[in-house]
Amino acid sequence: MGGRRAGSRWLTFSVLLSVAFFSIAMFPLPSASSSSPAATLSYGPTWEEVCTGNACTITLYQHQKYYRSGDQWLTIDERFQACPEGFCVTGNLYQATVAQGAVELHQGASALSFRLEGIDGWGNLSLSAPTRMDNQLTHANALPGADLRYTYLPRRFKEELTLRDRVLSGFSQDPVLNYSLSRTGAGLSLLQPIACDAEDECVLLPAAEQGGRYLVTLPLDWFNNATRPYPVTIDPSVALNDSVNDDGDLERNVGCSGSSIARDANATTIAIGHRRTIISGSPPLISDECRRGFLFFTTAALPANARIGEILAVLHTSALGNDSNNLHQARPFELNSTQYPDTPSGNLGLWEDAGNGTAFLAAWSAAKAGKNVVNFTSASFSDLQDRLRSGAKWWGFSIVSPENNSGNFWSILHRYRSSEAADASKRPSLNISYLAFADEAAGRTAIEQGINASLPNNPILTDQQAYLLNEQGQQFLGRFDHATQSVNQTWGFNYATEGEAFTSMPSLFRILNIWENSSLYADEIALQVEGFIGQTKE
């Protein structure tokens, strides 16, 4: 790289010192290509990466975006297509067919079929032709005052019954959703149903299988609560049995005091902020509520030695909050609150782990509709690097609006789309640019740069094999990536990558100078080579 190459001649010389005889010979071997590295693309279930040499940018997703078919990675296509049976999703990790409310799911040898038959005392199920939008099918007014929607996600199939208003107010006892159900194999499982209101406050619903039926009980004390904001969505989902925990969560702290915390899952949006609700009366009833979001990304594809250069989070807003400052912070996890209960009603340690308001990885104004690109600070680079070096396989952050913001409360919370969002293009992602340890090509280029920095325009020999016979009669034979000579001095450089061994050839005074190393970044190699020549040059 800038030096003149002379890789086609022999270098042989002898030196007589006192009575000791040293013989050194260098001769060329076939040279490796010095062409610029081409960009390479690689994929995994939740990531995609492009690398040029050892400079890489990886995009991490919370949802599974790719699956392997044979020797190829394919993009999961979540869209429903018309098929003879009704509407279908083929390929992917599992297959789905929906026909007039009858759902059939297949995953290998496993199958699960179900159909909502109705609710006693609530009219008959009425299914008109569904409205199709990508990965969703919606039957409007499937029941009086309620819409029925099916959503295909990479690892989960959702059926959502949305109650537009208080249609259960006329019931005297808890109504029961009645499903027909059949299944074979163990690849698909029914998740415990959940109901969530318009503000993402959720409740787990009792459910039971009884001889080919699946019964879901709707507790009236929750649905008919006078302060319950509608619409309310009932979600009995089916998931792959090897599914991992949700990567996107949100927690609510009623009163913002730290004493009443609940975790909500399966939400399609993540609410952020602190809200005060005032209910008229004498005296008026004041209710404060704080929300935080938590995002996790699998980092197994990143090398443990990655040196992080940039982290960008891409978040999509679904609803703007109305705080005057609209300031959000990404805070690191302190990972020191394992004493909290690992249950849906507990906080799983998350709330307290994000409680340090003086430490944050990024801060930004969230008053932007649509796409938000968050540029993380250098503190996040160290935080992620420490996690990688400790062997951790995930990294994440909390999204917090500073709760103690001069008593500033919102009436409308800010909402980001989560990994459960129907539109896959609007789910959270994380773009990380990093350098890995130099490979063979990058190491050779860096050696050249170091030589040129110390010995400008000096001839650089490539792929040199050196033979040394020292005064004790010991013989050494080794191969060097590069070598160079100046006056009566020779330098040999070898950067060992995976599968290579050091030559262990010693330096001889300042006549022969050997530098060998491994597991370095390219800039470190260049600096070390430059410094080594500077220290040994006469």
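Numbering starts at 1 along each chain as its sequence is written, and side-chain values use heavy atoms, with hydrogens and water left out. Since we're looking at a prediction, local features need pLDDT of at least 70 and side-chain atom pairs count only at pLDDT 80 or more, while totals for chains, interfaces and linings use all residues.

**Overview: five helices and 39 strands.** Helices (DSSP H or I, at least four residues) and strands (E, at least two) are numbered from the N terminus. Of the 538 residues, 49% are buried, meaning under 20% relative accessible area; over 50% is exposed and in between is partly exposed (1.4 Å probe, protein chains only). Take the contacts (heavy atoms within 4.5 Å) with a separation of 6 or more: 65% of them come from residues 24 or more positions apart.

**Close-up 1: Phe 296 meets Trp 394 edge-to-face.** The structure has 17 aromatic pairs. To pair, rings of Phe, Tyr and Trp (its six-membered ring) need centres within 6.5 Å; planes under 30 degrees apart are stacked, over 60 edge-to-face, and the rest tilted. Here the centres are 5.5 Å apart and the planes sit at 70°, so this one is edge-to-face. Phe 296 is in strand β28 (residues 285-298) and Trp 394 in strand β33 (residues 394-400), so to speak distant parts of the chain, 98 residues apart. Phe 296 is buried at 13% relative accessible area, whereas Trp 394 is partly exposed at 31%. Ring pairs also tie Phe 294 and Phe 333 into a cluster with these two.

**Close-up 2: arginines over rings, at Trp 394 and Tyr 521.** A charge sits over a ring if NZ of Lys or CZ of Arg is within 6 Å of the ring centre and within 35 degrees of the ring normal. Arg 387 lies over the face of Trp 394, 4.2 Å from the ring centre. Over at Tyr 521, the charged end of Arg 307 is 4.3 Å from the centre of the ring.

**Close-up 3: helices α4 and α5 pack together.** Helix α4 spans residues 440-454 and α5 residues 522-536; their axes are 7 Å apart at an angle of about 35°. Axes are lines fitted to C-alpha atoms over the stretch in contact, with angles from 0 to 180 degrees between N-to-C directions. Among the residues making the contact are Ala 446 and Ile 447 of α4, and Ile 525 and Val 529 of α5.

**Close-up 4: Tyr 467 in strand β36 (residues 460-469).** Tyr 467 is partly exposed, at 25% relative accessibility. Its C-alpha atom is 6.8 Å from that of Gly 478, eleven residues apart along the chain.
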